[in-house]
Amino acid sequence: MPKSKSTGRESTHASTLRGGARKIHAPDPESVQRFAETMRLRSLAAATQAEYLRFVRKLAARHGGDPAALDEAAVRAHLLRLKDEHHYSPSSMRTAVAAMRAYFGVHLGRDWKLFDLVRSPSAQKLPTVLTRAEVARLFAVVRVPRFRTLLRLIYACGLRIGEAVNLEVRDLREAGRVHIREAKGNKERYVPLPEAMLHELRAFWRTHRHPRWIFPGVGRGWREQPARGAHLAAAVEPLGVGSVQHCLRVARTEARLPAGTVVHTLRHSYATHLLEEGVSIRLISAYLGHASLETTLIYTHLTAVNESHARAAVARLLEPR
């Protein structure tokens, strides 16, 4: 069985069922095994490799054979089924199309027009942003140290959840900033780190002293028993993303936060609050690791300060002469 869905080193893959049982699936067809190798050669992110393999395996399972034997019409019908019968979201449809393009186009060399035809635009919605009072309420109700410290770090530095849980001891060696490695798009960046947050991270690390991770994983059954320092120091992986998301869902109700609040909301709030403090939009874009300034400009629609300044400017335009 494979160590990871994205490695492709073994042709048999498995899934975990309730109760810890493992369901063994049929070996991947030869073309799918080679596709896994192609993705590794192209240095795609591990998460992207896993998602693309998942969609290609879904196609193979539906047709009961090697998907390399399918023609453009069959793939078109498959995508239509995902959209019309399974009601995939625009985001999931884009991932499905990207997986098909990578497999049939890049790997098998089939330059089909189908992949340029499919469009799955998402509704342009403004992200949820918390007020500073709401952020304070959230931190007040999170009582488990590992979650409180991690959520405060995400807000203090505008990190993605994956960047935060994978933070390593070596990433805090430079004064006044944190080194973010292997972020989205395999990019690295430095982000300003408040001194108070650094002290908080160090204090939490001293409770376990893991040689690598600031937030080591607690393993299964952590809700039933408290995490021991010695147990955390021997962890083989960092804290799981799912447990952090679960913590936020529980805290959201107690802190009386908006219904759309998720962990990523703290990153949106960080950017918006920095903009309200007068920090350059270009600096904020660099801190967030955005590939384009256009992505960051959405926060100009979310700041109460900017809106107040705009109202005042319009009022001056209309002053009686």
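Begin with strand 4, residues 189–192. One face is covered and holds Arg189 and Val191. The other is uncovered and holds Tyr190 and Pro192. In a regular strand the side chains alternate between the two faces of the sheet. Strands here are DSSP runs of E with at least two residues, helices are runs of H or I with at least four residues, and both are numbered from the N terminus.

This is a predicted model, in which local features need pLDDT of at least 70 and side-chain atom pairs count only at pLDDT 80 or more, while totals for chains, interfaces and linings use all residues. Residues are numbered from 1 along each chain as its sequence is written, and side-chain values use heavy atoms, with hydrogens and water left out.

What does strand 4 pair with? Strand 3 and strand 4 pair in the antiparallel sense, over four bridges. Pairing requires that DSSP finds at least two bridges between the strands. Ile180 has its bridge partner, Arg189, in strand 4.

Now look at Pro192, also in strand 4. Is Pro192 buried, partly exposed or exposed? Pro192 is partly exposed, because its relative accessible area is 31%. Buried means under 20% relative accessible area, exposed means over 50%, and partly exposed lies in between (1.4 Å probe, protein chains only). Pro192 and Ala156 are 36 residues apart in sequence, yet their C-alpha atoms are 8.7 Å apart in space. Leaving aside residues up to four places away in sequence, Pro192 touches Ala156, Cys157, Gly176, Arg177 and Tyr287. Contact means heavy atoms within 4.5 Å.

Tyr270 lies in helix 12. Tyr270 is buried, because its relative accessible area is 7%. Beyond four places in sequence, Tyr270 touches Tyr155, Ala156, Cys157, Gly158, Val191, Tyr287 and Leu288. Tyr270 and Leu288 stand 18 residues apart in sequence and 9.4 Å apart in space, C-alpha to C-alpha.

The largest nonpolar core has 48 residues. Such a core is a set of buried Ala, Val, Leu, Ile, Met, Phe, Trp, Tyr and Cys residues joined through side-chain atoms within 4.5 Å. Leu151, Leu153, Leu193, Leu201 and Val244 have the most contacts inside the largest core. Elements giving two or more residues to this core include helix 6 (132–141), strand 3 (177–180), helix 9 (195–205) and helix 12 (263–276). Which helix gives the largest share of this core? Helix 7 does, with seven residues. Val244 touches Phe147, Leu150, Leu151, Ile161, Val165, Leu239 and Val263, not counting residues up to four places away in sequence. A second, separate core has 26 residues, among them Phe35, Ala36, Phe55 and Leu114.

Helix 6 has its own buried residues: Glu134, Val135, Leu138, Phe139 and Val141. Their cover includes helix 7, helix 11 and helix 12.

Two packed helices are described by the angle between their axes and the distance between the axes. Here the axes are lines fitted to C-alpha atoms, for helices over the stretch in contact, and angles run from 0 to 180 degrees between N-to-C directions.

Helix 7 and helix 11 pack at about 90°, with axes 11 Å apart. Helix 7 is therefore roughly perpendicular to helix 11. Angles of 65 to 115 degrees count as roughly perpendicular, under 35 as roughly parallel, over 145 as roughly antiparallel, and the rest as oblique. Helix 7 brings Phe147, Leu150 and Leu151 to the contact, and helix 11 brings Ser243, Val244, Cys247 and Leu248. These residues divide into six nonpolar, one polar and no charged. Ala, Val, Leu, Ile, Met, Phe, Trp, Tyr, Cys and Pro count as nonpolar, Asp, Glu, Lys and Arg as charged, and the others, Gly among them, as polar.

Helix 1 (residues 30–41) and helix 4 (residues 90–107) pack at about 95°, with axes 11 Å apart. Helix 1 and helix 4 are therefore roughly perpendicular to each other. Ser31, Arg34, Phe35 and Thr38 of helix 1 meet Ala99, Ala102, Tyr103 and His107 of helix 4. The residues of this contact are four nonpolar, three polar and one charged.

Finish in the loops. His87 has a positive phi of about 55°, although it is not a glycine. His87 sits in the loop between helix 3 (72–84) and helix 4. His87 is exposed, because its relative accessible area is 60%. Arg256 has a positive phi of about 60° and is not a glycine. Arg256 sits in the loop between helix 11 and helix 12. Arg256 is exposed, with a relative accessible area of 56%.
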